[in-house]
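Subject: Handover of a structure

Hello,

I am passing this structure on to you. Please look it over first; my notes follow below.

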Amino acid sequence: MSATSDPPTPSRSFPETQTVWIADRLSEGEAGIMLANGYVMESYLRPLTTYCSKIGLARSARADADELVHSFFANRLSNPDYLKSWLTSGLRLRQWLRNGLHFYVHELRRKNATQIEGQGLSEEVASDGLAHDHEFEHAWALASLDLAIKETKAGLEKRGRRDEWEMFWSHFVGGVPHAKIGERFQLTAAQVAQRAFAVGAQLRDALYGILRKDGAFSSEIDLEVRSMMEVLHEIKS
Amino acid sequence: MKSNPDLHRDDFGASPAVAIQLFCAILGPNAHPIDRLASRCAASDGPEWSSQVLAELMPAPKSIDGWIAWKNRAKDGIHESDLHTGDPLALAAFLQYVASIAGALALDGTYISKTSPAEIRRALNVIGPTVEPSWRDIFSSARIRLDEIKDIRLTK
């Protein structure tokens, strides 16, 4: 992988152009398309698979969810124009892929129906998906956060700062006061606070990078994060 | 601190409760107080914490005036700037504030807040499921009453 093709290192300031990274990769020919496809598969496999399982989409295609999503990726991403079409669609990438998955399942069902004489073909698969937006958004929120966590932790480990992740986690998730965490790491409360805050900023940058690749503008990102929280609250209650 | 399997993992284990805590950390001071409170209640000691905070409102007032008195007392403890940094005392006061509004709504459907009903509805939805069972019922009844009210006159 060349340096110019690496996924971008999250930075504190983002350009206002959306989808820059994927658009750039698609303009680089075959190698770039492979990188873009790899990113799409890594980022969207889990939410799409969870979604398929939850709404019974895989069952309707007589496949297991994982297998179905892999075959969907293989089918659609082998077309070099598939992601290019997304760039002009005006949709978020996750919506584009989810719609695409429904059409793919529809095609599979049509194919199966022509193979089994007398079996009717229903449009329910495509319409079912619209009623399950919430399930998909829920899976997407969790998968994106997971991806951002992995990226942040990998960055910290690379710099020999794994401890800082533990400080962040202990404080923000465990609710442990900075001073108490400091005792463990032989640091002052202020030093722990500063490190935990910095990790939070890195996690934020990682998540913002994911959201931007999905098609969000920088100005919309806080709103996107709030929407992600909202969808989690709704499932929880 | 109570044991919570989510918190002993190296990741968040796809737990929506932990995810909400992380989203609050990501948003920092821009996180909404309702989300901050939900995040506090989702912490490993959250159920115990919210029970202690709400125990201060017991016995539950049997009149609207009683709930208004509780609400005003809670309101005095809410300092906006502290709330946005997740200060535990401000969050406790905010929980009592929401609970007092819920108590009055559940009692006879009186709306004792100047905060918009949409905001309060969201607070009832988000915070309600995280509090102890007796209060959970009050939050739930309050939400039902709120949805039934056609003409809400905002009250102090």
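How many residues of chain B are in contact with chain A? The number is 31, and they touch 30 residues of chain A, where contact means heavy atoms within 4.5 Å.

Some conventions before the rest. This is a predicted model, in which local features need pLDDT of at least 70 and side-chain atom pairs count only at pLDDT 80 or more, while totals for chains, interfaces and linings use all residues. Residues are numbered from 1 along each chain as its sequence is written, chains are lettered from A and ligands numbered from 1 in the order in which they are written, and side-chain values use heavy atoms, with hydrogens and water left out.

The interface

The area buried between chain B and chain A is about 2,700 Å², and carbon and sulfur atoms give 69% of that. Buried area here is the accessible area (1.4 Å probe) that two parts lose on being put together, summed over both.

One salt bridge is found across the interface of chain B and chain A. The term stands for a side-chain nitrogen of Lys or Arg within 4 Å of a carboxyl oxygen of Asp or Glu. The partners are B:Arg122 and A:Glu230, at 2.7 Å from N to O.

On the side of chain B that touches chain A, the elements giving two or more residues are helix H1 (16-27), helix H2 (33-42) and helix H7 (117-127) of chain B. Helices are DSSP runs (H or I, at least four residues), numbered from the N terminus. H1(B) gives the largest share of that side, with 12 residues. Sorted by class, this side of chain B has 19 nonpolar, six polar and six charged residues. In that sorting, Ala, Val, Leu, Ile, Met, Phe, Trp, Tyr, Cys and Pro are nonpolar, Asp, Glu, Lys and Arg are charged, and the others, Gly among them, are polar.

Over all chains, the structure holds 20 salt bridges.

A:Arg92 pairs with A:Glu220 in a salt bridge, with the closest N and O atoms 2.8 Å apart. This pair links distant parts of the chain, 128 residues apart: A:Arg92 is in the loop between helix H5 (82-87) and helix H6 (93-115) of chain A, and A:Glu220 is in the loop between helix H11 (189-214) and H12 of chain A. A:Arg92 is buried at 15% relative accessibility, whereas A:Glu220 is partly exposed at 26%. Buried means under 20% relative accessible area, exposed over 50%, and partly exposed in between (1.4 Å probe, protein chains only).

A:Glu224 lies in helix H12 (residues 221-236) of chain A. Its salt bridge is with A:Arg94, the closest N and O atoms being 3.8 Å apart. A:Arg94 is in helix H6 of chain A, 130 residues from A:Glu224. A:Glu224 is buried, with a relative accessible area of 11%, and A:Arg94 is buried too, at 7%.

A:Arg92, A:Arg94, A:Glu137, A:Asp214, A:Glu220 and A:Glu224 are linked in a network of salt bridges.

A further salt bridge joins A:Arg98 and A:Asp133, with the closest N and O atoms 2.3 Å apart. A:Arg98 is in helix H6 and A:Asp133 in helix H8 (residues 133-158) of chain A, 35 residues apart. A:Arg98 is buried, with a relative accessible area of 7%, while A:Asp133 is partly exposed at 35%.

Regards
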